[in-house]
Amino acid sequence: MIGWGGEKLLGHLYYWGGLTGSLPQLLVNHGYQVFQPALSCSSNWERACELYAQIKGTRVDYGVAHAKKYGHARFGKDFTGAGLDPAWGSPGHKVHFIGHSMGGPTTQLLISLLQMGSKEEVQAAAAAAVPVSPLFLTNKSASQFVSGFFSISGVLQGTPAKEIIDDWSGFVIHFIQHLTMIKDLGSIGKLWDFQLGHWGLEQKSDESILSYVKRIFKSDWANGTSNAAFDLSITGSRDPARAPSFAQPGVYYFSVPTSTTDKKPNGEYVPRLLTTLPFLIPTASAIGRINDPKLLGSDSASWRDNDGLVPVKSSSSDAAGFIDFAVDLRSSPLKLPLAKPITGKYHNTGIIEMDHGGVVGMTDLLAMMHCSSLFLNMARILLSLPR
């Protein structure tokens, strides 16, 4: 969700692989070319703009209209001269994406912008007599840029965790404490860049991570609707004011839903205590018994099976539903279904019984053993797609 790219947190913890090794490096060792962008903890729109800029090697442009609407600077970090693939979108320069957690809806939105652009941003830039970001142009096709996309535990339809968690500042602090195994965050400085400079919320040089988190959660950013917490909520994911985001023609979509809960006879779901990160047990339990027809509709019970943060219903596909594409991603050799995938629709590869962090090895002491085949097989599927 708020990954720190390829760097080690505190010198020892990878986002993709945890304590035991780097899953992207595993792919590199098998001949794949892998990039690891690091994005902010802001809205999917802002993160999509950041991802585009990091790949193309440009300055992050959040758009004239978006910046004005939400009250932040139009421009962010400058990646000029440091693009991951500056020729991205030209012949021979297509990519595959693998996104985890918020990386799911962020990548889905980026692909939608690559396909449809933003008429609102084109018009706002014209009215202001300034150049518009190429990302917002409406004469593109996503298939120029992207072949396939795997969403792992993706928050594709939102999660009721936002409505369940009352104290998001405390939740993030607790999350960092579990990741770092450091209780006294008041003595720790910068851990990773939250990339909120366009909101005027950089961490100060003499500011502890504890003070910084408390400060940003008292800001207009945290109390507004252009941040990760709102976009990941059920309400935010259905907000009609949001830019359209759904599977696009010409791109192959795959989902890897995860679950750490079991169904009880009364219809509620309870976390598996021995294999669920203790930090996630309270939210897994709360989502597992949720009954909120006003928020979720008459089928609110269908949202209960979850991985500690995200319901299986949400991590399976966007609102348009999915095609069954059952495959054991942890098997060797990989056996693919007979039916060929099609573009413009999510293909659900089947539930993996792991919690939200364990599936990327972040919280798994045996990550390289449990996740190696999963990532190698995702790469094999993506490389087998027509280009």
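Guide: With His66, which touches Ser43, Trp45, Glu46, His72, Glu121 and Ser226, leaving out residues up to four places away in sequence. The model is a predicted one, in which local features need pLDDT of at least 70, side-chain atom pairs count only at pLDDT 80 or more, and totals for chains, interfaces and linings use all residues. Residues are numbered from 1 along each chain as its sequence is written, and side-chain values use heavy atoms, with hydrogens and water left out.

Visitor: What makes a pair such as His66 and Ser43 count as touching?

Guide: Contact means heavy atoms within 4.5 Å. His66 and Ser43 pass that test.

Visitor: Why is His66 called buried?

Guide: Buried means under 20% relative accessible area, exposed means over 50%, and partly exposed is in between (1.4 Å probe, protein chains only). The value for His66 is 10%, so this residue is buried. His66 belongs to helix α3, residues 64–70; a helix here is a DSSP run of H or I with at least four residues, a strand is a run of E with at least two, and both are numbered from the N terminus.

Visitor: Is Trp45 buried or exposed, and how do you know?

Guide: Its relative accessibility is 11%, so Trp45 counts as buried. Trp45 lies in helix α2. Trp45 and Ser226 are 181 residues apart in sequence, yet 8.3 Å apart in space, C-alpha to C-alpha.

Visitor: And Pro91, is that residue buried or exposed?

Guide: Pro91 has a relative accessible area of 80%, so it is exposed. It sits in the loop between β2 (75–78) and β3. Its C-alpha lies 9.0 Å from that of Phe145, although the two residues are 54 places apart in sequence.

Visitor: How do you know which strands pair in the sheet, and what is their order?

Guide: Two strands pair if DSSP finds at least two bridges between them. Six bridges join β3 to β4 (residues 146–152), five join β4 to β5, and three join β5 to β9. Each of these three pairs runs parallel. The open sheet has five strands, in the order β3-β4-β5-β9-β8.

Visitor: What makes β3 and β8 edge strands?

Guide: Each of them pairs on one side only. β3 covers residues 95–100 and β8 covers 322–324.

Visitor: Which residues stand opposite each other in the strands between?

Guide: Gly148 is opposite Tyr252 in β5, and Phe254 is opposite His347 in β9. From β5, Tyr252, Phe254 and Val256 point one way, while Tyr253 and Ser255 point the other way.

Visitor: Why is β5 said to be largely enclosed?

Guide: Five of its five residues are buried, so β5 is largely enclosed by the rest of the structure.

Visitor: What makes a group of residues a nonpolar core, and which members touch the most others in the largest one?

Guide: A nonpolar core is a set of buried Ala, Val, Leu, Ile, Met, Phe, Trp, Tyr and Cys residues joined through side-chain atoms within 4.5 Å. The largest has 65 residues, and Ile176, Phe194, Leu196, Ile209 and Phe375 touch the most other members. Helix α15 gives the largest share, eight residues.

Visitor: What makes Ser153 and Gln195 stand out in their backbone?

Guide: Most residues other than glycine have a negative phi, and most peptide bonds are trans. Phi of Ser153 is near 50 degrees, and that of Gln195 is about 55 degrees. Both values are positive, and neither residue is a glycine. Ser153 is in the loop between β4 and α6 (161–164), and its 0% relative accessibility makes it buried. Gln195 is in the loop between α7 and α8, and is also buried, at 10%.

Visitor: Where is there a cis peptide bond, and what is its omega?

Guide: The bond from Ser332 to Pro333 is cis, with omega near 5 degrees. Pro333 lies in the loop between β8 and β9.
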